[in-house]
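Trainee: May I ask for a close look at the salt bridges in this model, and at the surroundings of the residues that form them?

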Amino acid sequence: MDLYFKALGMHIKTSCEYKLSSIINFIAQFFVMFSDYFIIIALFSKFGNIKGFTLYEILLCYSIIQLGYSINDVFFKGLDDFSDIIINGMFDRLLVRPRSLLIQILASKVSLVRTSRIIQCIGIMIYSIINLDLELNLIRVIVLLLMISGSVIIFFSILLLMSGLSFFTVQGLEIKSLFTYGGKQIAQYPIAIFKKYIVLFFTFVIPYGLVNYYPYLYFLGRNDNVFYAFAPLGTLIFLGISLVVFKLSSNKYVSTGS
């Protein structure tokens with residue numbers, strides 16, 4: 001991990017070389033996401049609730065999912081653009097370096113200007129919790145942290161899976177956008193508001209439900225099942241599968257040629 005943090009320091013220094021550009025992009029990224037929140041607020045101005053979930057409950061759910069997506073978008077951008085690393089021959093160079101492949105990939109690209117999205121998500125999260133008037137005891141804080149961690153793990157795992165497929169397809173796949181950006185749009189709401197087959201898919205295949213629904217019910221005090229509270233730990237299984245797929249795929253890589 002020392003390599004990653006050194007690379008992160010270099011990315012920070014690079015951003016500081018162009019201060020005005022970085023500041024403008026930072027502010028732009030902060031406001032670019034507001035349209036999503038306005039849509040949710042406009043929706044609730046027409047309907048008081050969705051399947052029993054109020055405005056602030058939906059905003060909290062969305063901020064948790066969006067935070068996980070934003071953290072990946074900032075710190076794990078190298079995986080998001082992994083197909084480019086294969087196409088331009090950079091991956092061949094990574095193979096001959098005596099360092100972890102995954103760490104090198106993660107260190108290759110960091111989008112620090114998008115940290116404004118992280119700040120915004122945390123702000124919306126705090127604002128929602130205050131308006132929900134929840135008592136933040138120790139168990140609720142733990143569940144909240146598990147949901148945030150699970151959100152990060154899900155998006156990271158999807159990027160890892162799609163990177164593994166890039167060894168065979170070379171070109172990036174739109175299916176990645178379907179499960180990341182598209183999945184994020186679905187996961188901004190508790191999955192129980194959708195059809196049963198969607199609930200099953202996003203519980204047992206792409207496990208958004210282990211983050212934005214089952215532990216969320218426990219957090220809101222709607223279910224006292226302790227297994228719901230620790231449901232986000234199930235995302236580690238998804239991560240393990242993604243790591244295995246990436247490892248097996250990288251072992252079969254020969255070269256893209258010149």
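Mentor: Glu 57 is buried in this predicted model, with a relative accessible area of 9%. The side chain of Glu 57 meets that of Arg 222 in a salt bridge, at 2.7 Å from N to O. Glu 57 belongs to helix H4 (residues 55–75), whereas Arg 222 lies in the loop between helix H15 (214–219) and helix H16 (226–229), so the pair ties together parts that are 165 residues apart in sequence.

Asp 73 has a relative accessible area of 6% and is buried; Arg 114 is partly exposed, at 22%.

The side chain of Asp 73 also meets that of Lys 77 in a salt bridge, here at 3.4 Å from N to O. Both residues of this pair, Asp 73 and Lys 77, are buried. Salt bridges join Asp 73, Lys 77, Arg 114 and Arg 117 into a network. In the whole structure, the search finds four salt bridges, among them the Arg 222 and Glu 57 pair described at the outset.

Definitions and conventions:
Residues numbered from 1 in each chain as written. Predicted model: local features only at pLDDT ≥ 70, side-chain atom pairs only at ≥ 80, totals over all residues. Heavy atoms only, no water. Helix = DSSP H or I, 4+ residues; strand = E, 2+ residues; numbered from the N terminus. Buried < 20%, exposed > 50% of the residue type's maximum accessible area, 1.4 Å probe, protein only.
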